[in-house]
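This briefing covers salt bridges and strand pairing. The structure comes first, and the notes follow by topic.

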Amino acid sequence: MKCLFCFCVVLAPLAPLARADDVKPASGDISFVRDVAPVLTQRCLGCHGADKPKAGLSMNTFDALLKGIGNDPVIVPGKPDESPLVDSIQPDAEPRMPYKEDALTKDEIALITRWVEQGAKFDGPATSAQLLAIVPRAKNANVAPAVYPAPIAVTALAFSPDGSQIASGGYHEVLLWDAASGKLVKRLQGLPERTHAIRYSPNGWWIATASGTPAQSGVVRLWDAATGEPLRDLVEIEDTVFALAFSPDSKLLAAGGADRIIRVWDMATGRLAKTIEDHADWVLDLDFSPDGRYLVSASRDKTSKLFDLAKGESVATFPEHTEPVYAVAFAKDGKTVASAGGDKVIKIWDPHNDAKKVRDIGGHGMAIFRLLFTPDGSQLLSCSADKTAREFNPANGQQTRALQGHNDWVYAVTVSRDGKLIATGSWDGEVRLWNAADGAPVKTFLAMPTAENSANVAVTGAPVAPATVATAQAPVAK
């Protein structure tokens with residue numbers, strides 16, 4: 001399964017955590033903090049973190065690791081042959097861990113085995129501390145490669161306000177492309193592994209990005225839209241940030257992610273204005289109402305919710321999805337909301353009438369990842385694992401057209417502000433531009449830096465201010 005909202009998927013090598021050596025040989029004293037914990041955080045914590053750990057085994061802390069599954073330990077200090085953890089990482093184990101991912105290397109297996117044999121000792125500050133907090137991070141953890149050896153999934157797209165450029169999520173960076181030629185023009189670097197959302201503010205002043213390295217770190221970063229220079233990290237969490245939305249007047253920015261928290265910042269001051277904790281699982285998408293009074297969300301808990309921003313609380317819940325809700329969008333007239341996800345159906349509902357369903361819209365044969373209305377509100381765009389993007393008439397639910405041509409799952413769709421161009425991005429790294437008037441293809445390119453297209457391309461780096469508590473940050477208004 002390729003769902004980018006699942007921890008267990010690894011699209012590319014994870015950002016490295018600090019190690020004394022690349023992999024310490026299985027001899028001498030093995031350090032849990034220096035040698036073992038980096039392997040666990042990079043290869044195991046995605047499925048065995050604190051949030052619904054697979055098989056009931058949490059590795060979020062050393063205490064949780066030693067506790068094992070229920071009353072059954074997975075580590076017997078001094079006895080690797082009697083330790084289920086050691087047995088499960090062997091190449092011939094059934095099932096072998098990490099499950100359905102590349103096996104640990106021989107050195108990594110030998111290292112963990114030797115650590116258990118030496119008594120599974122802990123050498124960190126506290127056994128109750130989160131592993132991510134005790135593992136030193138490598139200085140080059142968020143470095144983007146000069147060129148990509150292969151394409152990566154395009155998980156986020158956004159047109160610049162004037163439509164001349166299109167931003168795509170890269171590997172530890174955001175890439176800016178000339179929309180007319182498909183030429184790479186700028187690289188915004190220093191981000192966690194994957195960028196899931198890119199938003200230009202309606203006033204054209206800022207670019208906001210939501211990124212994350214699964215089970216390690218997530219960042220909401222603000223950039224100067226005119227120069228591409230980083231301005232500030234608004235928040236950093238210990239997991240991925242998936243969702244972003246600017247209010248129509250550019251005064252507010254909302255974000256949500258794997259910590260289930262929706263944060264809303266006042267862009268005039270850069271300070272955190274609201275913190276909303278109402279979902280039981282990851283927040284995967286957000287959108288403001290046209291009047292800016294409400295915020296609607298999509299969550300892995302299979303619900304979409306409407307929040308009154310003045311009150312900072314939920315005022316309606318739409319519960320009719322049977323699978324995680326990946327996408328949500330407010331209609332341009334503010335009278336309805338569209339939501340969709342793993343159950344393959346777009347649901348239109350009334351946010352002001354007890355979240356009553358208005359209609360179902362079918363057409364996609366697999367999970368739906370993104371939804372948005374065209375600028376004039378006449379069409380609803382969607383993209384899906386069925387390798388298509390589609391347009392629907394939201395008034396009657398009829399399909400207007402299917403944008404076909406991708407050879408893999410389509411994760412991103414966006415439209416230019418003038419409504420003339422649609423862009424889609426897929427798992428295989430392909431970006432396609434379409435004429436919105438008739439659905440005709442305009443241009444196709446691979447969104448990956450190469451030796452040819454990266455020469456003399458401008459690069460911006462890490463933010464000028466580190467991530468701090470939002471309420472202590474300096475204003476970011478222009």
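Lys 347 is buried in this predicted model, with a relative accessible area of 8%. Its salt-bridge partner is Asp 360, and the closest N and O atoms are 3.2 Å apart. Asp 360 counts as partly exposed, at 39% relative accessibility.

**The Lys 347 pair and its network**
- Lys 347 lies in strand 18 (residues 346–350) and Asp 360 in strand 19 (residues 356–361), so the pair ties together parts that are 13 residues apart in sequence.
- Salt bridges with shared partners join Lys 347 and Asp 360 to Glu 320 and Lys 357 in one network.

**Other salt bridges**
- The structure holds 13 salt bridges.
- One of them links the side chains of Lys 305 and Asp 278, at 3.1 Å from N to O.
- This pair ties together parts that are 27 residues apart in sequence, because Lys 305 lies in strand 14 (residues 304–308) and Asp 278 in the loop between strand 11 and strand 12 (283–288).
- Lys 305 counts as buried at 10% relative accessibility, whereas Asp 278 counts as partly exposed at 35%.
- Arg 390 and Asp 386 form a salt bridge with their closest N and O atoms 3.5 Å apart, and both residues are buried.

- Four strands, in the order 8-9-10-11, make up an open sheet with antiparallel pairing.
- Strand 8 (241–246) and strand 11 (271–277) are the edge strands, each pairing on one side only.
- From one strand to the next, the twist averages 20 degrees.
- Five bridges connect strand 9 (residues 252–257) and strand 10 (residues 261–266) in the antiparallel sense.
- Gly 256 has Ile 262 in strand 10 as its bridge partner.

Note on methods: Residues numbered from 1 in each chain as written. Predicted model: local features only at pLDDT ≥ 70, side-chain atom pairs only at ≥ 80, totals over all residues. Heavy atoms only, no water. Pairing = 2+ DSSP bridges. Helix = DSSP H or I, 4+ residues; strand = E, 2+ residues; numbered from the N terminus. Axes fitted to C-alpha atoms, helices over the stretch in contact; angles between N-to-C directions. Salt bridge = Lys/Arg side-chain N within 4 Å of Asp/Glu carboxyl O. Buried < 20%, exposed > 50% of the residue type's maximum accessible area, 1.4 Å probe, protein only.
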